[in-house]
Amino acid sequence: MSLSAKLDRTFPIGVHVGARSYIAFETRILTHDRTRGLYLHTRIGTDCFIGGRSLILPGVEIGDGSVVGAGSVVTKSVPPRSLVAGNPARILRSEIEVGPYGRFLTADAAEAALAEAGLT
């Protein structure tokens, strides 16, 4: 988890992050809504990636192996193995394949090709 990510301190027991998931810079994960008197558990599954400056609202569940694009506002739960982005976040792709920390399986090959071309 990035050092600049912020987890809700009003109801901290409601934050659940699965193994091998990464929460990028300046992400906010909320578990309460004082205006409505809600205190809800917010869950992020295993092997997920939450992009920088995203906002995860109270009570949202992000399924295992999902990726949230940078700057997204996640207002509804995300099914497992989904790619979501936007405000509000919408499903862009389903049945994606990721490894630990939500890294796409093709990422290593893409990096190797860039290195071979001298672009890194």
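Colleague: What should I know about the model before reading it?

Modeller: The model is predicted, so local features need pLDDT of at least 70 and side-chain atom pairs count only at pLDDT 80 or more, while totals for chains, interfaces and linings use all residues. Residues are numbered from 1 along each chain as its sequence is written, and side-chain values use heavy atoms, with hydrogens and water left out.

Colleague: Which strands pair with β13, and in what sense?

Modeller: Strands are DSSP runs of E with at least two residues, numbered from the N terminus, and two of them pair if DSSP finds at least two bridges between them. Here β13 (residues 82-86) pairs in the parallel sense with β11 (residues 67-68) over two bridges, with V68 opposite V84. β13 also runs antiparallel to β14 (residues 89-94), joined by five bridges, among them the one between L83 and R93, and a hairpin of two residues connects β13 to β14.

Colleague: Which residues have the most contacts inside the largest nonpolar core?

Modeller: In soluble globular proteins, nonpolar side chains tend to be buried together. A nonpolar core is a set of buried (under 20% relative accessible area, 1.4 Å probe, protein chains only) Ala, Val, Leu, Ile, Met, Phe, Trp, Tyr and Cys residues joined through side-chain atoms within 4.5 Å. The largest one has 14 residues, and I44, I50, I56 and I62 have the most contacts inside it. Beyond four places in sequence, I62 is in contact (heavy atoms within 4.5 Å) with residues including V68 and V78.

Colleague: Is M1 buried or exposed?

Modeller: M1 counts as exposed (over 50%) because its relative accessibility is 53%.

Conventions: Helix = DSSP H or I, 4+ residues; strand = E, 2+ residues; numbered from the N terminus.
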